[in-house]
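The following note sets out some points on the structure shown below. Please read them with the model in view.

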Amino acid sequence: MRRAGATLLLLVVQIGAHAGTITTQIDGVDDPLKAAVGAAAEITQYEKQDVSAAQAQRLYKNAGEQIVKALEAYGYYSAKTDGELKETPQGWSAIIHVRAGERLQVGDYAVDVPSPAREEKEVAAALANFTPKAGQPFDSTAYEKSKAAVQSALFAVGYLDAKQVVHKVEVSRSANRAAIALKWDVGERYRFGEVIFTGSQLNDGVLDRYIPWRKGDFYSQSRLLRLQQKLVDADYFAIVDVQPDKESAKDGVIPVNITLAPAPRNIYTAGIFVDSDIGPGVKGSITRRWVNMRGHKAKVEVEIAQREKLLAGTYTIPLPGDNNRAYNFGVAYRNIDTATAQSDTLRLTANETRYWHGWNRTIGINALSGTYTVANIDGNSTLVYPEVSLERKRADDMSFVRDGYSLSLDARASPGPSTRFVQARADAKWIRGFGDRQRLIVRGSLGASAVGDFDKLPPELRFFGGGDRSIRGYAYQTVGPPLPADRLPIAIAKCNTGKSTTDCNNLIIGGKNLAVASAEYEYYFTPNWGIGTFVDAGDAFSAFGDYKTHIGTGFGLRWRSPVGMVRADLGFPVNDPEGRHGVQLHLIIGPDL
């Protein structure tokens, strides 16, 4: 008998020690509740793991309590569960049936923030967006987020001592109701005190221009963030840390400590590039982040490409104020040698830039002098003209825009001495993503000029069509008014004597006006690779009666490379008014906007 009892005991121990995998099936609720209860039930974490019978029983028993508790956070206070735990050849199978029941509704609702704090824009928005309100289903996650949003809004507008003096949710299971009661004591509203800069390499007072408030203004978290961003954008510092000094606050006035560390004084860049408009080339620049202790800046850049060469320098003097004002002085030498025009010009520029009503505004004066050849006709001019431009951009992500636009407007005029002219131009681009993999890109350009002597207008102030950013399917600057018939003999004679490399079959002089429109569709088959197709249309023309629609269409490859967007397109003219045909490669490397 003793031996039989020992054998039976050994068998029980062996069965209890048996291990196997466990699977879980939860039904009765759909997402997002199903995902929530699945995450809350510990048993789901042991799937495909070896567990003993005792572990399986414990996990199954606890799962019901864990699920019921998890559902309370979503307002289901009468939830119940049942089911069964079955042994299988592989281990165990847990089946759990969930009955969520009726969702708790908010009855009495009182969220109190005293005036004038509750009238502040940020606080008012947080109160308006508070959920749940009376009559809405109770959700503890939304409740906690809304409560935190009100607290953050009070801090953001200067109520740094604000605290909740009443914060409770009373649940009546029998009535299936929740009563919310919240009340804040906001305390005193703080004001900005002294701003203390530490670690700056610039003279005292230079950085005051970036402070977007006056001493004594009400404390504002958004203004602190704006100051930090302005100091980062100023590009003087490697480290920018802006902190309100609450411990040193006195009588409702809080000082602000700003810790800085200088960035390297010089920036050197160099690289090679390929541009299907101006050909392959090299470029480089030297930027002096600060020339002197007053924060002046300087930059020299050079670009040498197959069809264009540039040497330019700029000197910038930042000005006081919180609108990024600056005086800029520049000089640039440019040599252009395309199939349409050759020119050597020197430009001197002086302007003021600032942020103005949501736009980046530039007002200045230019002096442009040089010699040029357009359609084998030689010319020279010296122009002095004022210029104003406005530009704005908005985008959800500048590296790859799915919702954004850019808009630029500029105008210039000259009283002489070479020629009188008035000119205006507008460029717009709009990008919208739809679905997970598609984008639509629409752009357009309009330009108009009134010119006394068009021959005295240098090519960079004339309008041309064709090229990567204009009408694809046409080579760079090959769309525009042809040379008048009475000028052809001179141009052709130069071709025959070899004095010009201009294609005598395509003598384009440029136009006084411009109208171009484009629509483009992109589809991305991976996060970084896609294809695109486009239709571009427009013309450069001098008289509205001479407008001819040039259409280019094609397709290409898109790559979100580590250095930015790369677009390679093949474009074809469609029913060209001059009978041109063929294919053009267009390669663009750079941001969407």
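1. Rings of Phe, Tyr and Trp (its six-membered ring) pair if their centres lie within 6.5 Å; planes under 30 degrees apart count as stacked, over 60 as edge-to-face and the rest as tilted. By this rule there are 13 aromatic pairs. One aromatic cluster is formed by Tyr109, Phe130, Phe138 and Tyr143.

2. This is a predicted model, in which local features need pLDDT of at least 70 and side-chain atom pairs count only at pLDDT 80 or more, while totals for chains, interfaces and linings use all residues. Residues are numbered from 1 along each chain as its sequence is written, and side-chain values use heavy atoms, with hydrogens and water left out.

3. Phenylalanine 541 and phenylalanine 544 have ring centres 5.5 Å apart and planes at 65°, so this pair is edge-to-face. Phenylalanine 541 also forms an edge-to-face pair with tyrosine 547, at 5.2 Å centre to centre and 90° between the planes.

4. Tyrosine 547 is partly exposed, at 32%.

5. A charge sits over a ring if NZ of Lys or CZ of Arg is within 6 Å of the ring centre and within 35 degrees of the ring normal. Arginine 191 lies over the face of phenylalanine 218, 4.0 Å from the ring centre. Arginine 472 has its charged end over the ring of phenylalanine 534, 3.9 Å from the centre.

Notes: Buried means under 20% relative accessible area, exposed over 50%, partly exposed in between (1.4 Å probe, protein chains only).
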